[in-house]
Amino acid sequence: MRILLFSSQHYDQESFSQVCRDSDLDLHYQSARLTVDTAPLADGYEVVCAFINDELHSDVLERLAAGGTRLIALRSAGYNHVDLVAAARLGLAVVRVPAYSPHAVAEHAVALIMALNRRLHRAYNRTREGDFTLHGLTGFDLHGKTVGVIGTGQIGLAFARIMAGFGCQLLAYDPYPNPAMLALGARYLELPELLAQARIVSLHCPLTEHTRHLINAQSLAALHPGAMLINTGRGALVDTPALIDALKSGQLGYLGLDVYEEEAQLFFEDRSDQPLQDDVLARLLTFPNVIITAHQAFLTHEALQAIANTTLDNIICWAAGKPQNLLAS
Ligand code: NAD
């Protein structure tokens with residue numbers, strides 16, 4: 001069976017090659033992102049393996065199906081980028097990796113909180129320049145602070161457990177409350193109440209039509225003044241231009257982003273020798289109380305290994321007529 005991995009980076013090649021070593025799967029790596037222009041590269045490949053910024057709307061799916069593809073194996077949990085209705089119409093099966101390491105993403109959210117709070121990004125630069133002063137580096141104790149978790153599935157729960165360990169009070173918002181959160185002492189509230197009370201708000205819900213721009217000018221105005229917002233979910237959970245106004249007024253005190261609404265054209269590539277064309281991102285990068293990472297929350301050895309294992313299992317099960325982790329067929 002011929003399999004083509006789009007958007008593959010060297011770390012994908014390492015983890016997939018290791019897992020594939022003893023199988024007869026014929027794996028090929030393609031660094032290009034999947035778009036309607038690159039879809040013909042998959043001609044003759046029965047399986048296309050795609051990541052989060054690959055395009056899987058109906059035009060692309062039609063081109064893939066015409067080229068002989070029968071399975072889309074996502075290397076991600078999120079599937080907001082896939083037109084599942086079109087896939088089903090074209091007879092394309094779609095499988096995903098529902099969980100690989102909730103800890104990887106939860107721990108990265110905590111890393112952003114710690115770095116923003118204790119100004120590690122500024123301290124790092126300062127000491128390297130021989131400046132050993134402390135002005136502007138004052139943080140706050142996490143112990144006793146109120147943390148709001150939006151989306152309390154696997155990652156939200158893993159995040160909440162860490163914050164409970166710091167001695168934080170937990171608030172939660174999710175249409176389906178998780179008993180494990182209640183066991184941690186979390187209180188479920190409506191969104192405006194959570195936003196008004198939490199000093200730190202962290203987003204862990206999927207991107208859907210209900211959650212698109214969940215954080216916007218109105219919800220930012222409802223925040224506890226000077227609160228910290230962390231987004232490791234999906235970029236479009238937040239109306240990004242609205243963040244700039246909230247940061248300028250001080251209403252938003254700290255911002256940590258691992259995802260960005262327009263990231264598909266930017267992330268996972270070295271663009272350091274080109275002028276940054278995205279003015280919103282460029283403005284965000286000027287604030288001293290903003291840290292942006294380029295969708296790296298998933299990037300741990302454990303998560304990469306689990307992604308490769310589950311993806312190849314998904315492919316083998318589908319080929320055997322017993323599909324698992326199926327989104328469309
Ligand atoms: P999950 O399905 O276990 O949990 C998602 C939770 O969100 C569920 O409890 C669900 O009820 C809740 N939810 C759904 N709609 C909601 C709404 N309108 N408001 C509040 N909560 C809502 O998923 P997970 O494994 O915890 O992953 C969460 C998200 O994290 C994924 O959908 C993906 O977008 C993102 N993610 C990011 C990275 C990264 O590298 N940055 C990696 C993996 C996942």
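Predicted model: local features only at pLDDT ≥ 70, side-chain atom pairs only at ≥ 80, totals over all residues.
View 1. Numbering runs from 1 along each chain as its sequence is written, and side-chain values use heavy atoms, with hydrogens and water left out. The α4 and α6 axes (lines fitted to C-alpha atoms over the stretch in contact, with angles from 0 to 180 degrees between N-to-C directions) come within 8 Å and cross at roughly 50°. Residues in contact (heavy atoms within 4.5 Å) include V110 and I113 from α4, with F159 and M163 among those from α6.

**View 2. A look at what is buried in α6.** Here G156, L157, A158, F159, A160 and M163 are buried, meaning under 20% relative accessible area with a 1.4 Å probe, protein chains only. Their cover includes α4, β6, β7, α7 and β9.

**View 3. Helix α6 end to end.** At 1.5 Å a residue, its 12 residues (154-165) should span 16 Å, and the end C-alpha atoms are 17 Å apart, which agrees; the expected span is 1.5 Å times one less than the number of residues. After α6 comes G167, with a positive phi near 90°.

**View 4. Helix α1 against helix α12.** The axes of α1 (10-20) and α12 (301-319) come within 9 Å and cross at roughly 50°. That makes this pair oblique too. Among the residues that meet are Y11 and F16 of α1 and L304 and L312 of α12.

Key
Helix = DSSP H or I, 4+ residues; strand = E, 2+ residues; numbered from the N terminus. Buried < 20%, exposed > 50% of the residue type's maximum accessible area, 1.4 Å probe, protein only. Parallel < 35°, antiparallel > 145°, perpendicular 65-115°, else oblique.
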